[in-house]
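Subject: Structure for your review

Dear colleague,

Please read the notes with the coordinates open beside them.

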Amino acid sequence: MALEVEKKSSINRREFFSYLSIGFIALSASVGGVLSLIFRYLYPNVVFEPAMDFNAGRPEAYDTGVDERWKKIYGVWIFKSDGKFVAMSNICTHLGCVPTWLSAERKFKCPCHGSGFYPNGINFEGPAPRPLERYKVFLDATGNAIVDKTRVFRYEKGEWSNPDSYISV
Amino acid sequence: MKAIINYLSDPVFSFTGIIFFFFLGIKHIEVVASKKFATIALILILIIFGWMSLDPVFLSIVIWPDNVPIIFLLALVIWSTWFAIHKGVINDQRMAAGEPPVEGTPENREKVWAWPNLVYTELFAIIAGTVFLIAWSILLKSPLEEPANPTWAPNPAKAPWYFLGLQEMLVYFDPWIAGVTLPVLIVVGLIAIPYIDTNPKGNGYYSFKDRKFAITSFLFGWLLLWIFLIIIGTFLRGPNWTFYGPFEFWDAHKVVAANNINLSEIFWIKFLNMPLPKNIFAREFLGLILVAIYYTFVPVFITRKFGQKFLITMGKARYYFLIFLVLTMMSLPLKMYLRWFINLKYIVFMPEFELNI
Ligand code: FES
C-alpha cells in the first residue's frame, strides 16, 4: 500500500525529463523574449539620419565658392571652382567636430581645437592632420548632381584626382 | 592696463611666466609655505579678482553657471596644495632641528575610535555636502542646450570642465596621441607611482625635503599641465577655439594667423628647397630620428648628468620607466613651444598610417 502511494505521487524518469524540457523551453523563451525586448530597446524608434545619397540639383545652378545649403540636412558642403564641382564632408579630420564656414574670412574653422581649412578643404592651421574628405559625385541621366556619401576620397591618398570625386563644369 | 593683461595672458607668456614662478616657488619653498606669504597672496588675489570682476566681459565669463564651480575648485586646489606644503615645510624644519615630525609627537600618536570620532565627522561632511549641492542646484540653473545635431556644433564646442585640459592638449597633438596615448599613460603613470616611488620617507607625515623630486614633478604635471590648461580652456578660449584675453570680447570674427606646417615640410621645402620625397619614410626621416633620439639619447644624457644616484637607488627598470614617463610628460610643453615659436604642426607626419606625433 505504502509502496503504491509513493509510486503515484512521484514521477518517473521519462516524465521528469519531459517536465524538465518544457521548463527549459519556457525559461529560454522568456529569457530570449526579455533579451529581444532589451535589444530592440537599444535601437531608436525614429531615426533622423539623413539618407546617404541625395540629389543636389544642377551643378550649373551653384555659384563658385562654398555652398552651405546641404550642410544642415546632409552634412555636405558643395564647393565649386576651377571647373570642378565637389562635395565635401563637414567632419573635421582632427577629432570629428563640425567646422563652421566663415564667409568673411573665407575659411572653415573648427570650434573644438581651432583647425582651419581653405575653401577647397585643405587644412592649413590648427591640429587637423588631413584635408576635409570629399564624397563621390556624379551626374544622373537628367543632368542633376548626385552626392553619394558612402564613398569618400582622401587627399593624402591622392584620391582627389579620381574622376568620381568631382564633376567637371 | 587691461590691454596689457590681455596681451600677457596669451599662453606664450602666461605659460612661460607660470613655469618661472613655479620653480621660483619651489626654490624658496619656505617663503611660500609661510602663513605670512599665504595671507598676503590671498589678499592680493582677492583684490585682483575683485578688480577684474568689475569688467563686464570677465564677469560674464566668471558667473556663467558652467564656470562658477570651476572657480571654487581652483580655490580648493590652491588651498590644499598650499596647506600640504605648509605642513611639509614645518616638519622639514622640525626634523632639521632634530625633532620628530608633528605627526610623530606623542599627543598625535594617540589612537581614537572610529566611532564616534570618524563617523561623526563623516556624517557632518555628508550633510554639509548635501546642503551645498541643494543650494547650488537651486541658485544656479544647469545650462541645458538644444538637442544634439550631427551636422552642427556649438561654437566654441567645449568638453566638460575636467576634460578641458585634454581638449587644450589636443590643440597641439593628433587625437591618437593626445586623446588616447597620453591619457592612458597618465592613468598608467598614476597607478605606477607606488611601484616607482619606493622611497619610504614621508610615510605617515607631511614633508617636502624628503621627497623633493617626487613632489616637484607631480606638481609640475598637475598644476601646470593640467590645472593651468583647464584654466586656459575654460576662461580664455572662445569661438573657433581662438585665444581671448580675460577682458576681451568673444568676437567670432577675431582672426589669428595660426598657419602651421610639418617638420618634413620645413626640412625639405624650406630648408633644402626641394619637393617632398614620395617615400613616406624618406619624407619623415628627420622627425622619426628626432623622436628616437628623444627617447634613447636623452635618457642616457640625463642619466650621465643627474641620474646616477636615482639609477642606483631605484634599479634599472624603475628608473627608465620613470624617465620615459617624465619625458612623455615634458613632450607636451615642448610641443606647445614648438607650435608657438616655429608654427610646427607635427614632428612626424604620416596620415597614411594615422600616425602623427
Ligand atoms: S575636431 Fe576639429 S580641430 Fe579638433
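In this predicted model, chain A and chain B bury about 2,300 Å² between them, and carbon and sulfur atoms give 53% of that area. Of the area that chain A buries against chain B, 22% is supplied by Pro111(A), His113(A) and Pro129(A), which is more than any other three residues supply. In terms of contacts, 31 residues of chain A meet 31 residues of chain B.

On the side of chain A that touches chain B, the elements giving two or more residues are helix H3 (71–74), strand E5 (100–102), strand E6 (107–109) and strand E8 (123–125) of chain A; H3(A) gives the most, with four residues. By class, that side of chain A has 14 nonpolar, eight polar and nine charged residues.

Turning to the pockets, the largest has about 2,400 Å³ of space and is lined by 48 residues, of which Ile18(B), Ala41(B), Ile45(B), Ile78(B) and Ile231(B) lie nearest its centre. Several helices of chain B give two or more residues to this lining, among them H2 (11–27), H6 and H11 (212–235), while H4(B) gives the most, with eleven residues. The lining of the largest pocket divides into 43 nonpolar, five polar and no charged residues.

The second largest pocket has a volume of about 1,400 Å³, and of the 35 residues that line it, Ile193(B), Ala214(B), Ser217(B), Phe218(B) and Leu322(B) lie nearest its centre. Helices H10 (175–196), H11, H14 (285–314) and H15 (316–342) of chain B each supply at least two residues of this lining, with H11(B) giving the most, at eleven residues. By class, the lining of the second largest pocket has 23 nonpolar, seven polar and five charged residues.

Lastly, how many cavities of 30 Å³ or more does a search of the whole structure find? The search finds one, with a volume of about 30 Å³, and its lining consists of Ile29(B), Glu30(B), Val89(B), Asp92(B), Phe208(B) and Lys209(B). Helix H3 (29–33) and helix H6 (68–96) of chain B are the elements that give two or more residues to that lining, which has three nonpolar, no polar and three charged residues.

With best wishes

Definitions and conventions
Residues numbered from 1 in each chain as written. Chains lettered and ligands numbered in written order. Predicted model: local features only at pLDDT ≥ 70, side-chain atom pairs only at ≥ 80, totals over all residues. Heavy atoms only, no water. 1 Å grid on protein atoms, 1.4 Å probe; cavity = no way out; pocket = protein on both sides within 12 Å on 5 of 7 lines; lining within 4 Å. Points joined across faces, edges and corners; volume = space filled by probe spheres on them. Nonpolar A, V, L, I, M, F, W, Y, C, P; charged D, E, K, R; others polar. Contact = heavy atoms within 4.5 Å. Buried area = accessible area lost by both parts, 1.4 Å probe.
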